[in-house]
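Welcome! Please take a moment with the sequence and the model shown here, and then we can walk through a few places together.

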Amino acid sequence: MEKQTKLSVVFDVLSIKQAQVVRVLAAKGIQLSTTSLSRIKRRNEWPINCDRAKIESEIKDYLRAHGATEDQLSGLFGWFEPELTKRDREPEEDEMLKAKLKPATKTFFKIRRDPFNDEFESVEDFFLTDSHLQTIEELIAAARANSMVIVTGECGSGKSMIRRLFEHKVKEEFTEIMLISPKRRNRKKITADGISRALCRSLGVKHLNNSEDRDDEIENTLIERHRSGYKHLLIIDQAQDLTEEMIRELKCLWEVTDGFKRVIGIVLFGQPELREKISAHSMREFNMRIDDIRMRPLGLDAIDYMKHKFTRIGVNADKIFTEDALSAVRGKCYGKVGKGIGFDDEKMDQTYPLNINVWLAHTLNIAATIGVKNIDEKFVHKV
């Protein structure tokens with residue numbers, strides 16, 4: 001974001017005209033040209049021979065009379081420095097860029113709960129697009145068919161939400177399907193032995209010290225349960241951290257059959273790096289056998305998503321944001337990718353939930369800092 005003076009921001013927020021301020025100063029006996037005021041407002045450059053203290057005082061009085069708050073007037077003649085200033089970074093690339101409202105922001109807008117705290121108490125708390133519902137149905141079909149699937153998406157694209165809803169639906173409606181997940185205290189250390197032990201725990205298999213005997217017992221138990229009408233689904237989260245060797249081990253597990261039918265399905269959730277990893281030539285056997293589900297951005301559903309985030313905490317977003325302001329927030333999550341000479345730049349839709357949350361929280365925090373209660377499109381474009 002281009003560096004701005006706070007005076008410039010407050011002028012824009014209150015729709016103050018420079019020429020009017022110059023006329024008011026002239027009436028007070030202070031000669032200051034429109035050009036000089038513009039330099040003060042834009043670059044904080046003051047004329048050498050001027051009564052700066054007097055000018056500052058008169059401008060503050062004028063702004064106060066036109067609705068400026070004390071927060072807006074505080075530090076008025078310094079630089080405007082919001083906490084988040086690097087627009088060229090993706091939100092997930094920096095741990096400091098998080099979707100969180102400051103306590104002062106919640107007080108200013110009378111918001112009791114942070115809308116970006118994703119503590120879901122019921123299914124109604126989730127915002128689901130047609131794409132999300134389709135993904136869940138595809139996962140259900142994969143579980144019933146004992147398929148092998150990867151679900152990939154950017155950080156903050158909603159993979160964890162989909163996984164939680166999918167697991168909830170399976171437990172509620174498909175009790176014949178057993179979900180198995182290895183412990184993930186350190187996901188980068190998920191090993192074949194760790195997955196084997198997770199299978200033992202879920203299947204009630206005795207933990208044999210010899211890995212080969214243990215694998216034989218797991219295979220026999222899976223087959224016996226399959227014959228009794230049960231299905232099994234192994235779910236691994238953050239699977240982009242799995243090694244190629246580990247992925248091959250999973251393929252071997254998936255190939256266990258009872259006659260012509262597989263006895264276990266596998267779903268790997270991961271970031272796009274997982275898709276790149278299995279696309280390697282050395283992984284072609286795995287790549288040819290999987291179904292690839294990709295998380296899609298919210299797109300045109302982004303505005304409904306934003307309103308939903310506030311509705312679930314009992315706040316009407318329309319009382320804070322204008323409709324075009326929400327459209328502007330959505331626009332913040334679009335980028336351009338250069339395609340080379342002779343081609344137009346391609347717009348890249350990054351309207352994923354985390355990105356939307358970050359921009360909303362960022363906008364609200366800045367608005368509260370300078371005392372803006374009603375956020376419009378013009379304000380959003382300036383953050």
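Which residues does Ser 147 touch, not counting residues up to four places away in sequence? They are Ala 142, Trp 254, Gly 265, Ile 266 and Asp 291, where contact means heavy atoms within 4.5 Å. Before going on, please note that this is a predicted model, in which local features need pLDDT of at least 70 and side-chain atom pairs count only at pLDDT 80 or more, while totals for chains, interfaces and linings use all residues. Residues are numbered from 1 along each chain as its sequence is written, and side-chain values use heavy atoms, with hydrogens and water left out.

Ser 147 sits in the loop between helix H7 (130-145) and strand S3 (148-152). Helices (H or I, at least four residues) and strands (E, at least two) are DSSP runs, numbered from the N terminus. With a relative accessibility of 18%, Ser 147 counts as buried, because buried means under 20% relative accessible area, exposed over 50%, and partly exposed in between (1.4 Å probe, protein chains only).

Now look at H7 itself. Two packed helices are described by the angle between their axes and the distance between the axes. H7 packs with helix H8 (residues 159-173) at an angle of about 50°, their axes being 10 Å apart. Axes are lines fitted to C-alpha atoms, for helices over the stretch in contact, and angles run from 0 to 180 degrees between N-to-C directions. H7 and H8 are therefore oblique to each other; angles under 35 degrees count as roughly parallel, over 145 as roughly antiparallel, 65 to 115 as roughly perpendicular and the rest as oblique. Among the residues that make the contact are His 132 and Leu 139 of H7, and Met 161 and Phe 166 of H8.

Next, find Val 9 in helix H1 (residues 6-14). Val 9 is buried, at a relative accessible area of 5%. Leaving out residues up to four places away in sequence, Val 9 touches Gln 4, Phe 80 and Ile 370. Although Val 9 and Phe 80 are 71 residues apart in sequence, they are 7.6 Å apart in space, C-alpha to C-alpha.

Finally, turn to the aromatic rings. Across the whole structure, a search finds five aromatic pairs. In one of them, Phe 310 and Phe 321 have ring centres 6.0 Å apart and planes at 55°, so the pair is tilted. Rings of Phe, Tyr and Trp (its six-membered ring) pair if their centres lie within 6.5 Å; planes under 30 degrees apart count as stacked, over 60 as edge-to-face and the rest as tilted. Phe 310 is buried, at 0% relative accessible area, and Phe 321 is buried at 2%.
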